Amino acid sequence: MAKQQYTLDTRVLTAFFFAAMPFVAFGSFLVVNQAKNHLRESVGVSLEQRAVQTKLALEQHVGEQVAHLRVLALDPDVQRALAAPARHVPEADARQIEQAWASGKDAKLNASLLESPLAARLKPLGLVRPSVKQIQIVDTSGRVVAASHRRGRLFYAESEWFKDLAAQGSEPEVRLGQIYRAPGSNVTLFEIVFPVRNPEDVRLGAIRALFDAGELYTVLAPVRIGRTGHASLIRSTDGMVLASDESERILKMPLPGFDSLRNAVEGFPLGDSAQQIFGRTGPRRGYWTIPDVKGKDEGGRDVLVEPARLVGFSPVDQVPDVNWMVTVEQDLSEALAPIESVTRYLWVHFIGVFATVILLALYFSFKLERPVMEEELHLHEEHVAAAIKKPA
């Protein structure tokens, strides 16, 4: 029985390669795309956690400033000075005193407020805490009775924070003002007002302190992720930048792409920070992808202002009276760089495989059209012709 011989049809093999490559390519890129989505989510959650951690550090930083004012409010000299009956000053006289204070030409007024024993108690706090720019002791009538520096007003009876403190009940609350820029200066400031009460819980006045808002950046500065990841403090209502390593944007422009982030911010649940880290209490996630932000140059042409970014955010909810939010952002291209490199490798790989299949198909085609044992047939043809010509 003759032994069966099996042959491989190269054309069938080539056709199989051509048919299988699209499925392999599609499956591979589908897996890569899913991996990219998982990586985006993982990086986003990581940025959210860094934002929460930075938010907690910022709240602790502000809490330390409040603690210093609390200790100062319990000082016996402060309590004794505010326990004295407040003197009523007519409105006309108050305006003149304000003008004299602003000009600094009234030596007697300056000495009574800046060189008194009570004022001497305030200056060491400014030396210990460089972020403290001014401390004022305000009595129940709203008049300043002592100050560490000659700055600001002398009468606060009509200010919003003084009216709120006067309306408070038995549980006084600290008041924080919004960050603002001092007129004619690049320094950004914010105020903290702490009520002063005696042991019988009677309101005696308040301590008003001005702090350098630039010190808030010391909490944000250590947050670095890769080459482009950094933290910023913004206002949650309009995205205005309040503290950032990009100082040219502070109180001048909102966070680029905040309009895209606004929907996520408005639906984000406020709650306990620990719950936000270890288990979300609401349906929204604490990170968002901001697409490319484009603007117009002087010629009216579109220019790229900011590339696409992945932003983690966390509202500052333990500091009263402020609308602050901490954001930690990273360029999307850097965050997804590992997957992008794999994608490029797959493209190169499939192009190489496709080129190899084409070359093999061409090689097999030429091989099938070439005569078998070409040289032997040629020699045999010569021998047959010589045998015919040879005489019998």
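## Conventions and overall composition

Two residues are in contact when heavy atoms of theirs lie within 4.5 Å. This is a predicted model, in which local features need pLDDT of at least 70 and side-chain atom pairs count only at pLDDT 80 or more, while totals for chains, interfaces and linings use all residues. Residues are numbered from 1 along each chain as its sequence is written, and side-chain values use heavy atoms, with hydrogens and water left out.

The chain has twelve helices and 14 strands; both are DSSP runs numbered from the N terminus, helices being H or I of at least four residues and strands E of at least two. Of its 392 residues, 40% count as buried. Buried stands for under 20% relative accessible area, exposed for over 50%, and partly exposed for values in between (1.4 Å probe, protein chains only). Among contacts between residues at least 6 apart in sequence, 60% join residues at least 24 apart.

Val132 lies in strand β1, which covers residues 132-139. Its relative accessible area is 8%, so Val132 is buried. Leaving aside neighbours within four places in sequence, Val132 is in contact with Leu125, Gly126, Leu210 and Phe211. The C-alpha atom of Val132 is separated by 8.9 Å from that of Gln65, a residue 67 residues apart along the chain.

Gln136 is also placed in strand β1. With a relative accessibility of 0%, Gln136 counts as buried. The side chain of Gln136 reaches the backbone oxygen of Arg151 at 3.2 Å, and a polar atom of that side chain lies 3.2 Å from the backbone oxygen of Arg153. Polar contacts of this kind are pairs of N or O atoms within 3.5 Å; within protein, one must be able to donate a hydrogen and the other to accept it, and residues adjacent in sequence count only if both atoms are side-chain atoms. Not counting residues up to four places away in sequence, Gln136 touches Val144, Ala146, Ala147, Arg151, Arg153, Tyr156, Ala206, Ile207 and Arg208.

## Aromatic pairs

Rings of Phe, Tyr and Trp (its six-membered ring) pair if their centres lie within 6.5 Å; planes under 30 degrees apart count as stacked, over 60 as edge-to-face and the rest as tilted. The count by this rule is four aromatic pairs. One of them joins Trp161 and Phe162 edge-to-face, at 5.9 Å centre to centre with 80° between the planes. Both Trp161 and Phe162 are buried. Another edge-to-face pair is formed by Phe190 and Trp324, at 6.0 Å centre to centre with 85° between the planes. That pair links distant parts of the chain, with Phe190 in strand β5 (residues 188-197) and Trp324 in strand β14 (residues 324-331), 134 residues apart. Phe190 has a relative accessibility of 2% and is buried; Trp324 is buried with a value of 2%.

Ring pairs link Tyr156, Trp161 and Phe162 into a cluster. The charged end of Arg203 sits over the ring of Phe162, 5.9 Å from its centre. For a charge to sit over a ring, NZ of Lys or CZ of Arg must be within 6 Å of the ring centre and within 35 degrees of the ring normal.

## Salt bridges

A salt bridge requires a side-chain nitrogen of Lys or Arg within 4 Å of a carboxyl oxygen of Asp or Glu. The count comes to 15 salt bridges. In one of these, the side chains of Lys55 and Asp317 meet at 3.5 Å, N to O. Lys55 is in helix α1 (residues 10-73) and Asp317 in the loop between β13 (309-315) and β14, 262 residues apart. Lys55 is buried at 0% relative accessible area, whereas Asp317 is partly exposed at 26%.

Asp77 and Arg121 meet in a salt bridge at 3.4 Å, N to O. Because Asp77 lies in helix α2 (residues 76-83) and Arg121 in helix α5 (residues 117-128), the pair ties together parts that are 44 residues apart in sequence. Asp77 is partly exposed at 28% relative accessible area, as is Arg121 at 41%. Salt bridges that share partners join Asp75, Asp77, Arg80 and Arg121 into one network. Arg235 forms a salt bridge with Asp238, the closest N and O atoms being 3.0 Å apart. Asp238 is partly exposed, at 31% relative accessibility.
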